[in-house]
Amino acid sequence: MAQIIIKNLRKDFGDFTAVKESSFTIEDGEFFMLLGPSGCGKTTTLRMIAGLELPTSGEIYLDGEEISQRPPSQRDIAFVFQMFALYPHMNVRKNIQYPLVSQGMQRADIKAKVAEVSNILGITDILDRPTGGLSGGDRQRVALARAIVRDPKAFMMDEPLGALDAEFREHMSEELRVLHDRMKATTVYVTHDQLEAMQMGDKIVVMNNAVVEQFGEPQEIYDKPVTMFVADFIGSPSMNFLRFEGGVQKGDNSVTLSGVNLAVPKQLQDIQGDLVFGVRPEHISFTDDGTYRGLVLAVEYLGTTQIVTLDTPNGDLKARLNSSQVINVGDRVGLNFNPATITLFHEQSGRAIV
Ligand code: ATP
């Protein structure tokens, strides 16, 4: 069991900065997601926590002890790689017990421990099989059993499901989450898949260009994104951005888009410059008498909901509506935006104002 505190962590590779002054806390027992696009610094952050890469500056605390300069063997952190490389010349049991044999554990203890983890993962019946003929799912379970068998303080997982096809991936992610809920071991999980992060994570760090953009619970990040990058990266379809000019004045609790007043969640301060009105597709509804209007360009049927693309005076937007509503391409409709859900951004900085 472990709490991990990351403080101003930085990694330079020559002139290139892969991770810039990053800070966040992973609480004991959390399933913690490092999320962001390819190349943003997720893997480098994970490798620094595990000790596979030394930071240029900053600190890493594991249960209160500063460990950033310690070798991996002295951190008691297990690293689960994307490729589940099992030892091909050993059967399942030998693969799982290998870390314990290397530690010099007693044979009876090894046997008990292997029985325990293979029971947790549901692989007791394949312990004597060679690894060669195993299905992808069983290989994954064996690899997980080998990682958890030595009771590390924390697990680092780098896109462990990355190589799997979509259906199997979903099944394994559920299995991983159930396994975590049973074991409650601190887990740091790297992914570029926002849906995976939202579904599995207790907390999420969103990274972009070597920088931590936001850190929080999935719902907080979804509902209250602090930057346009986060708002755009999380959610599918992503948040709509309606751009408008002119800033707002102190005390306003609405903004004016193409001559129409639209309410925002709270009173504003004086803000100059161009702004962006952010609204998620599911927070838009159609009304007969709305003064902010759009033209239906496309309708995409998704079963219980439909995604409607509209042309508006401030650009295209997508609305998610119940499929029971009859909507046709070419319809002109009034639009209602749920004021409590609106995020307003400063265009130039990309930062949320409310
Ligand atoms: P991906 O999902 O593609 O793995 P990532 O967010 O995990 O992306 P990192 O692997 O942490 O990103 O890499 C961040 C940046 O640092 C990338 O531009 C990468 O090319 C660079 N980088 C990583 N390791 C090294 C290294 N050893 N030497 C030089 N540059 C590196």
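Author: A residue is buried if 20 or more other C-beta atoms lie within 10 Å of its own, exposed if 12 or fewer, and partly exposed in between. The model discussed here is predicted.

Reader: Why is Asn209 called partly exposed?

Author: Asn209 has 13 C-beta neighbours inside 10 Å. Exposed requires 12 or fewer and buried requires 20 or more, so Asn209 with its 13 neighbours counts as partly exposed.

Reader: What makes the backbone of Asn209 worth a remark, and where does Asn209 lie?

Author: Asn209 is not a glycine, yet its phi is positive, about 50°. The residue sits in the loop between strand S9 (203-208) and strand S10 (211-216).

Reader: Which class does Lys184 fall into, and why?

Author: Lys184 has 12 C-beta neighbours inside 10 Å. The cut-off for exposed is 12 or fewer, and therefore Lys184 counts as exposed. Lys184 also has a positive phi, about 55°, although it is not a glycine. Its place is the loop between helix H5 (166-183) and strand S8 (186-191).

Reader: What makes S8 mostly covered?

Author: Of the 6 residues of S8, 6 are buried. On one side these are Thr186, Val188 and Val190, and on the other Thr187, Tyr189 and Thr191.

Reader: Which elements make a β-α-β unit, and what is its hand?

Author: S7, H5 and S8 make the unit, and it is right-handed. With the strands pointing away from the viewer, a right-handed path over the helix runs clockwise, so the path from S7 over H5 to S8 is clockwise in that view.

Reader: Which peptide bond is cis, and where is Pro237 found?

Author: The bond joining Ser236 and Pro237 is cis, with omega about -5°. Pro237 is found in the loop between helix H8 (228-233) and strand S11 (240-244).

Reader: What confidence scores does the model carry?

Author: The protein chain averages a pLDDT of 91, and 98% of the residues score at least 70. The model scores ipTM 0.95 and pTM 0.89. Where pLDDT is low, the predicted coordinates should not be read in detail.

Methods
Residues are numbered from 1 along each chain as its sequence is written. This is a predicted model: local features need pLDDT of at least 70, side-chain atom pairs count only at pLDDT 80 or more; totals for chains, interfaces and linings use all residues. Helices (H or I, at least four residues) and strands (E, at least two) are DSSP runs, numbered from the N terminus. pLDDT is the predictor's confidence in each residue, from 0 to 100.
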